[in-house]
Amino acid sequence: MNDWSACLKFNPKPLRLKKTDTLFKQGEQVQNMHLIQQGRVKLIRHSLAGENIVLHVATAGEMIAEASFFSENYHCSAVADQPSKVLSIDRDSALNTIINSPQTSQTAMHLFAQQIRDLRGLHEIRNIRSAEQRVLAYLNKLANEKGELQLEMSLQDMAYKLGLAHETLYRALSKLEASGKIQRPATTAFILVV
């Protein structure tokens with residue numbers, strides 16, 4: 001997960017969203033970028049045919065609307081998929097800070113590059129057919145050098161991120177634990193034994 005603490009330089013405004021609250025709408029003028037602190041926000045593009053296409057589901061620790069940094073209008077809508085806490089960052093203020101501070105610019109580029117790598121890695125993991133192998137690959141990606149990790153999301157969010165039904169995730173975790181490939185000292189704490 002990325003360390004977005006540098007965003008605090010931009011004086012973010014905290015927001016609380018209820019499920020189905022709209023953060024911004026496709027076509028609206030870009031005003032803010034948003035960091036998800038807790039919860040889940042869907043990015044939805046409305047097609048000309050009237051369909052809603054889910055582009056991405058952002059969870060805690062992810063930045064959204066950064067793709068609109070240099071756009072006049074949002075390319076999609078953002079809707080809370082569950083109660084969420086979000087930090088809202090004024091786009092113009094952030095852009096000014098980045099332009100006038102090479103150090104802040106470098107930090108922002110590093111964070112955005114890391115987010116792209118994370119998304120590409122997740123895309124690769126989601127292509128694994130076996131649920132157990134998909135879950136194991138994801139846990140391995142997040143684990144420290146000792147094979148330990150404490151999830152910073154719920155298991156339901158993890159299932160969503162991996163493109164699995166939550167029941168499928170629970171079964172996969174049980175099988176991995178029964179086979180001795182993982183240990184679970186707590187609900188969202190894991191030790192990889194492989």
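Leaving aside neighbours within four places in sequence, with which residues is Leu139 in contact? I noted that this is a predicted model, in which local features need pLDDT of at least 70 and side-chain atom pairs count only at pLDDT 80 or more, while totals for chains, interfaces and linings use all residues. Residues are numbered from 1 along each chain as its sequence is written, and side-chain values use heavy atoms, with hydrogens and water left out.

For Leu139 I found Leu149, Met158, Leu173, Ile182, Phe190 and Leu192, contact meaning heavy atoms within 4.5 Å.

I then looked up the largest nonpolar core, which has 23 residues; such a core is a set of buried (under 20% relative accessible area, 1.4 Å probe, protein chains only) Ala, Val, Leu, Ile, Met, Phe, Trp, Tyr and Cys residues joined through side-chain atoms within 4.5 Å. Among those with the most contacts inside it are Val135, Leu139 and Met158. H3 gives the most to this core, with 5 residues. I also noted a second, separate core of 15 residues, including Leu23 and Ile36.

My last entry concerns Arg40, which lies in strand S4 (residues 40-46), strands being DSSP runs of E with at least two residues, numbered from the N terminus. Arg40 counts as buried because its relative accessibility is 8%. Its side chain is joined to that of Asp81 by a polar contact of 2.7 Å, a term for a pair of N or O atoms within 3.5 Å, where within protein one must be able to donate a hydrogen and the other to accept it, and residues adjacent in sequence count only if both atoms are side-chain atoms.

Methods:
Buried means under 20% relative accessible area, exposed over 50%, partly exposed in between (1.4 Å probe, protein chains only). Helices (H or I, at least four residues) and strands (E, at least two) are DSSP runs, numbered from the N terminus.
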